[in-house]
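Welcome! Work through the exercises below with the structure open beside you, and try each task before reading its solution.

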Amino acid sequence: MVTMKWVTGAAMLACTSALVACQGGPEKAAGTPTPSGAVTGAPTPTAAAPTTSSAAATDPLLSGKREVTITRVQGSGQPLEISGRLEEGGDTGGRTLFVPTPIGGDRYVIRAFGVKDDHPANDDPSCWQVNGLDIEPELTIGAVVCDQDDPIQRFTIIAKGDGTYAIGSETRFLQHLPGNGLVLKELGNAKLNTTFRFTDKGPADREPLN
């Protein structure tokens, strides 16, 4: 009889402990704050998965080991360049060599370099970033100090199967708008009308300043 009472009491104690643990669960699952650099109106980004994307594993141009130029397929044939803002053949003396570098979860940081002319500053990378001062619905891309942990430096690159790529950020795609150049824009019901071709320019073997 004593044994039965002890077993019953222990079972009740275990159930009580489990109930307390379950009740405490929602309090621990607090939402994470929105990153400080997030663009106005942008959805809260999700953390990149710690695995290399399948595209990066099979496409050398997305491996982070090759420098490329990027040209808009439907454009003038002039490569993209970036200084203050990503432009198409603006001849502003900006950087025209890019290294799409996988960071997992089919996302990339896109490092930008100057020409290989023995000038050390050209070997120190900058990175594409959504301009946090822009206002929806059209966002531009600028060049900043690289920080792959910053959600607005993470881009999607989607191979279209014909040697071309679509470039996006969260739910937006990089599109060319007459009079406004290259902007990140929600497609809505519209058709994707801007794709890009990557041209291999050699190994990504720069030695940064620091």
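**Exercise 1.** Leaving aside its neighbours within four places in sequence, which residues is Ile70 in contact with?

*Solution.* Before we start, note that this is a predicted model, where local features need pLDDT of at least 70 and side-chain atom pairs count only at pLDDT 80 or more, while totals for chains, interfaces and linings use all residues. Residues are numbered from 1 along each chain as its sequence is written, and side-chain values use heavy atoms, with hydrogens and water left out.
- Step 1: contact means heavy atoms within 4.5 Å.
- Step 2: with those neighbours set aside, Ile70 touches Pro79, Leu80, Phe98, Trp128, Ile167, Phe196, Arg197 and Phe198.

**Exercise 2.** Find the residues with the most contacts inside the largest nonpolar core.

*Solution.*
- Step 1: a nonpolar core is a set of buried Ala, Val, Leu, Ile, Met, Phe, Trp, Tyr and Cys residues joined through side-chain atoms within 4.5 Å. Buried means under 20% relative accessible area, exposed over 50%, and partly exposed in between (1.4 Å probe, protein chains only).
- Step 2: this core has 25 residues, and Ile70, Phe98, Trp128, Leu174 and Phe198 have the most contacts inside it.
- Step 3: among the strands (DSSP runs of E, at least two residues, numbered from the N terminus) that each supply at least two residues are strand 1 (66-72) and strand 12 (196-203). Strand 5 gives the most, with 3 residues.

**Exercise 3.** Is Asp106 buried, exposed or partly exposed?

*Solution.*
- Step 1: Asp106 sits in the loop between strand 4 (97-104) and strand 5.
- Step 2: its relative accessible area is 44%, so Asp106 is partly exposed.

Technical notes: Helices (H or I, at least four residues) and strands (E, at least two) are DSSP runs, numbered from the N terminus.
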